[in-house]
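Here are a few exercises to work through with the model open beside you. Try each task before reading its solution.

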Amino acid sequence: MSIPSALVLFSGGQDSTVCLAKTLDRYDRVETVGFAYGQRHEVELETRLRLLADLRQSFPEWSGRLGADHVLALPTLGRISETSLTREVAIEIETGGLPNTFVPGRNLLFFTYAAALAYRRGITTLVGGMCETDYSGYPDCRNDTLQTLADALSLGMDRAFTIETPLMYVDKAGTWALAERIGGATLVDLIIEGTHTCYLGDRKHRHVWGYGCGTCPACDLRAKGWDTWQTVKRSAATY
Ligand code: ZN
């Protein structure tokens, strides 16, 4: 019987780090994949390596399960998507109602590349931190999109792939709470210090919830989630 294994889309952000922790808690062999597509927040590619080392050190029980890390270069994606994630322009909402941080088809491409890699690695479970609860409206983060993609990948590669998205219906406050449930204060501290969420790649400004510019949509979501989680914890403590 094969060892239960999974490939996690790991960007080095808060969501994918919590997903990775949850997967390490459940699977015996876990590999990770990241993508270099010319993102402005390229700092996340460096932070993810440090995070993997920190996870190994802080959680020895996970260290033996954490297998190979892969980084795939997708420079074409950066070239064909004129977005504020890949160009030096202000982040704003466009006429279609989507923020210009939207890279069309990004998650479809990521999962397709991940499946091609997983196929070679003998893995059929793909895990990603997409969420449609307090997201920015990106259509490729929706559960319908990703489950339909899992069907297409299974048909197209003649292998039964599943896509797991443990945060799909969890808001940002819930993501902090989940991190604490899985790995206690150690994991929460590791996320504060080590993960990168800010769209602008800001590592100069340190807040209670971690590093970032504090004003871009990603920082805003992360900060609000932290505040809500703290409020919930305080009110729970008074009962
Ligand atoms: Zn920011």
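**Exercise 1. The metal site**

Which residues coordinate the zinc ion, and through which atoms? Work out the geometry of the site as well.

*Solution.* Keep in mind that this is a predicted model.

Step 1: Look for the donors. The zinc ion is held by the SG atoms of C198, C213, C216 and C219, at 2.3 to 2.4 Å.

Step 2: Check the angles. The four donor atoms subtend 106 to 115° around the zinc ion, so the arrangement is tetrahedral. For comparison, the ideal angle for four tetrahedral donors is 109.5 degrees.

Step 3: Turn to accessibility, where buried means under 20% relative accessible area. C198 is buried, with a value of 0%, and C219 also counts as buried, at 1%.

**Exercise 2. The two sides of a helix**

Find out which residues of helix α6 are buried and which are exposed.

*Solution.* Helix α6 takes in residues 143-157, 15 residues in total. From its first C-alpha to its last it reaches 21 Å, close to the 21 Å expected at 1.5 Å a residue.

Step 1: List the buried positions. In α6 these are L146, L149, A150, L153, S154 and M157. They cover an arc of only 135° around the axis, so they lie on the same side of α6.

Step 2: Ask what does the covering. Over the buried residues of α6 lie, among others, α5 (106-121), β4 (125-127) and β5 (162-164).

Step 3: Look just past the end of α6. There D158 takes a positive phi of about 55°.

**Exercise 3. An arginine and its contacts**

Describe the surroundings of R121, leaving out residues up to four places away in sequence.

*Solution.* Step 1: Locate the residue. R121 is found in helix α5, and at 36% relative accessibility it counts as partly exposed.

Step 1: Collect the contacts. With sequence neighbours up to four places away set aside, R121 touches R29, E31, A68 and H70.

Step 2: Compare chain distance with spatial distance. R121 and A6 are 115 residues apart along the chain, yet their C-alpha atoms are separated by 9.8 Å.

How values were computed
Residues are numbered from 1 along each chain as its sequence is written. This is a predicted model: local features need pLDDT of at least 70, side-chain atom pairs count only at pLDDT 80 or more; totals for chains, interfaces and linings use all residues. Side-chain values use heavy atoms; hydrogens and water are left out. Helices (H or I, at least four residues) and strands (E, at least two) are DSSP runs, numbered from the N terminus. The expected span of a helix is 1.5 Å times one less than its number of residues. Buried means under 20% relative accessible area, exposed over 50%, partly exposed in between (1.4 Å probe, protein chains only). The arc is that of the directions from the helix axis to the C-beta atoms. Contact means heavy atoms within 4.5 Å. Donors are N, O and S atoms within 2.8 Å of the metal (3.2 Å for Na, K and Ca); water is not among the atoms, so sites may look incomplete. Four donors count as tetrahedral if all angles lie between 85 and 135 degrees; four count as square planar and six as octahedral if opposite donors are over 155 degrees apart and all others between 65 and 115; anything else is irregular.
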